[in-house]
Amino acid sequence: MKLIYSLMLVLCGLTLISAQKTYTVEGIVHDFHDKTALENAEVKIGEFTARTDHTGKFTFNKIPAGKYILIARHPDCNDYTENIGVDRDVHLVITLEHHSNDIETVTIHGSHKNNGSMVMKTLDKSVLSRNVTENLGNLLTNISGVNVLKTGNNIAKPVIHGLYGSRVSILNDGVKLAEQEWGVEHAPNVDVNNFEHIDVIKGASALKYGSGAVGGVVVLQPQVLPKKDTLMGSVSLSGISNGRGADVNVKLAKTWESGWAVKTNGSFRKLGDLKAPGYGLMNTGIQNSGFNFGVQKTTFNSGFSFDYYLTNNSIGILRSSHVGSAEDLYEALSSQEPIFKRDFSYDIDNPRQEIEHHIAKISGYHRFENFGKLTATYSFQYNHRKEYDIRRSEELSKKPGLDLELITNDLNINHLIERPKWSLETGINGGYQNNYSNPETEARRLVPNYDRFYAGVYSVYKYKLLPSLDLEAGARYDFDRYEVTKWYDLGDWNKLYAQDYSDFAVRINQNRILTKPELNYNNFSGNAGISYHPSDNFNLKLNYARVSRSPNVAELFADGLHHSAAIIEEGDMRIKSETGNQFNLIADAKLNVLGGLDISVNPYFFYTKNFINEVPTGYRNTQWGGDFVVYGYQQINVKMYGADVDLALKINDHLAYKGNLSYVYGQDLTHDVPLIMMMPTNFNNSLEFSKKEWKNFYMNVSNKTVLAQTRFPVYNVFIKRYDTDGNAYSQEVDISTPPKTYSLWNLQAGVNLSKNFGVDFSVKNIFNTSYRDYLNRLRYFSSEMGRNFIVTLKYQF
């Protein structure tokens, strides 16, 4: 009997098994942020496996009822895991998240996956690593179309397609630098060793960074830290022959797999008097220090970060550039060598600059599956600039002739939504600035106290019309308001402004009048572009931008002696916003020549009304202790065009050539003269041998040739001199003629001595060539720096 029961149970069990139902499980796998279908994704349900087709779909036809673990995988994405129950036909929508090292950066970088029609070039971490002792301005000259406006050899600010100052925005880790950028000799206060790569966006197409970036944007982006439990860092120590100085940089980061990370960087550099071929350059030493600290917690869906940056700079300015009288100026310009000399020294005396800059930033983001990514950033900046001059007495020389404190609060909110064929990025930002010009300098304040309120809103839409053709359009509106407190000489006020701006007057004190101007500016900007990419070997971009920029405080209100610049500057409260039209075309091609030839051609055209230009307008003897050239701001119509050409040829596996050419043409249409301070035509060529098998050995020989600028306006000044009998006469002083053509040779080499330890060696200006640069405002008084040997020891872990 027991045997019969057992057989019946077995038969019933087999009947139940044979009757168990199966179901269909199907679905689609797509990307989280732009909903793009993901082809060839692997989907596993228990022991069953399927792969997605080109539409992202997958199907399982016979899955027995039960509970399973579902796993979905795709290259460059995080795995997706879910517990599912199968008791009927199931349709699934699976969303995969890209790895953080591909998407967590806030600004454009790397392969520039989504830069649309923008014209962009990049300096990667290998270039930065080889040039740890260079400042930002000099580094950027490695990019075609970019040059530097210099004050001596230690102060350099970027020039993009002939435009500089307020027309070029610099972003430090997503924060737009707010400093006294209007000064010709005010260099950006950044430590390039805090960053892994630098992007340069040429032209005004990057609306998200503000309407003022008419010339372009420099984006400084730090390293994207990995999500793993590790400690990483590096130390570099450099010896520098010209200036007999040293540079040290230390980086340290601790990361966790959970997404937490802490990092800190520190740097210090000190140089003494620099040396030109044949003579020393008195008072050209520099001392820089920088510090950065950051903490972050990031996942794919959300994250936040806090970052703090500090830079301290003490910069000596060539002593011979300060000319306190007409006779001094004439002698300095007539002499082949600086009129002031001394033995080598590390002392930084007057004239000098001391600048302290702080940035504190907190940023957060969150991704919504159907709404897109929302990012918010608040930043606080404090900039304190002191400029010391040689003044009438020793006691006065201890006080800065210019003492400015600028505080900036900024809030930026950005929203990005992406879909397979389109994306829409929208943002708003607003901020408040307060500038305090210290009256205890006992000198007329060059720029007044003011409050600035600003706000902007923008939107950029991109659409993929065809697989090879992308369209882009954007618009931006900005509002600026200045509330200023300024004293004018009563005579100047009555002559220039009393009739039109009488409501700004507050009170009269003897021969001075206190005013409180309130000025508002409304700026509308827009861009449209196309990007055509028919194959991996060719890419074409065309971008049009309608630009508009508010005048800065110096252009409006500068009034007095700019001590470290040794000039008198005069602003004009009537200056309006710049408005113009800009076209950029770039064609990139790859040709099958030897190991591969890359060619990039970037022609551009810029026409603007009310272009704000600063030019010499005369010469004046002042109560502040000397004779100085007067520079005034004027508005003119301008036409500019030019071209950048880049070549990169891989000759074989170990030998490569790179070269570029830049040309810019600028014309003042109002006065029918060339624009002042336009970048001369220049060529850069380099040949590099590298072999990884030799412990990553490389050697690079490069040449830079700068042609004489033949198109320049004549703004010579006439000064009063006296002959031996005491009779006065007028002497013309040539401050217009550019210097001659020059050509420089440089050498760089490096090797890894062990797994973690390496050395770089470079020689700048190998043949100790004596030359002067048209874009160096101290070219009148001395030649440029001569030969320089640099050795850098690097340790990484």
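**Which strand order does the open sheet of 4 strands have, and is its pairing parallel or antiparallel?** The order is 3-2-5-6, and the pairing is antiparallel. At the edges sit strand 3 (48–51) and strand 6 (80–86), each of which pairs on one side only. Neighbouring strands here are turned by 20 degrees against each other on average, direction ignored. Zooming in, strand 2 (residues 42–45) and strand 3 pair in the antiparallel sense over 4 bridges, and Lys44 has Thr49 in strand 3 as its bridge partner.

A few notes for all the views. This is a predicted model, in which local features need pLDDT of at least 70 and side-chain atom pairs count only at pLDDT 80 or more, while totals for chains, interfaces and linings use all residues. Residues are numbered from 1 along each chain as its sequence is written, and side-chain values use heavy atoms, with hydrogens and water left out. Helices (H or I, at least four residues) and strands (E, at least two) are DSSP runs, numbered from the N terminus. Two strands pair if DSSP finds at least two bridges between them. Angles run from 0 to 180 degrees between N-to-C directions, with axes as lines fitted to C-alpha atoms, for helices over the stretch in contact.

**Close-up of the mixed sheet with strand order 4-1-7.** This open sheet has 3 strands, and the pairing is mixed. Strand 4 (57–64) and strand 7 (90–96) are the edge strands with a single partner strand each, so one side of each is left without a neighbour in the sheet. On average, neighbouring strands of this sheet are turned by 25 degrees against each other, direction ignored. Strand 1 (residues 22–31) runs parallel to strand 7, joined by 7 bridges. Look for Val29, whose bridge partner in strand 7 is Ile94.

**Close-up of strand 30 and its partners.** Strand 30 (residues 518–535) runs antiparallel to strand 27 (residues 469–489), with 15 bridges joining the two. Here Tyr482 stands opposite Leu519 in strand 30. Strand 30 is also joined to strand 31 (residues 538–549) by 8 bridges, again antiparallel. Asn527 stands opposite Ala545 in strand 31. Strand 30 and strand 31 form a hairpin, with 2 residues between them. As you follow the side chains, remember that in a regular strand they alternate between the two faces of the sheet.

The chain is divided into domain 1 (19–98) and domain 2 (221–796), with bounds from an automatic or database domain assignment. Their C-alpha centres lie 53 Å apart. The contact (heavy atoms within 4.5 Å) takes 8 residues from domain 1 and 9 residues from domain 2. Between them the domains bury about 860 Å², 57% of it on carbon and sulfur atoms; buried area is the accessible area (1.4 Å probe) that two parts lose on being put together, summed over both. The count between domain 1 and domain 2 is 1 residue pair in polar contact, both at pLDDT 80 or more. A polar contact is a pair of N or O atoms within 3.5 Å; within protein, one must be able to donate a hydrogen and the other to accept it, and residues adjacent in sequence count only if both atoms are side-chain atoms. The salt-bridge count between domain 1 and domain 2 is 0.

**Close-up of the salt bridge between Glu784 and Lys150.** A salt bridge is a side-chain nitrogen of Lys or Arg within 4 Å of a carboxyl oxygen of Asp or Glu, and by this rule the count comes to 34. One of them joins the side chains of Glu784 and Lys150 (3.0 Å, N to O). Glu784 lies in the loop between strand 44 (757–764) and strand 45 (788–796) and Lys150 in strand 9 (residues 146–151), so the pair ties together parts that are 634 residues apart in sequence.
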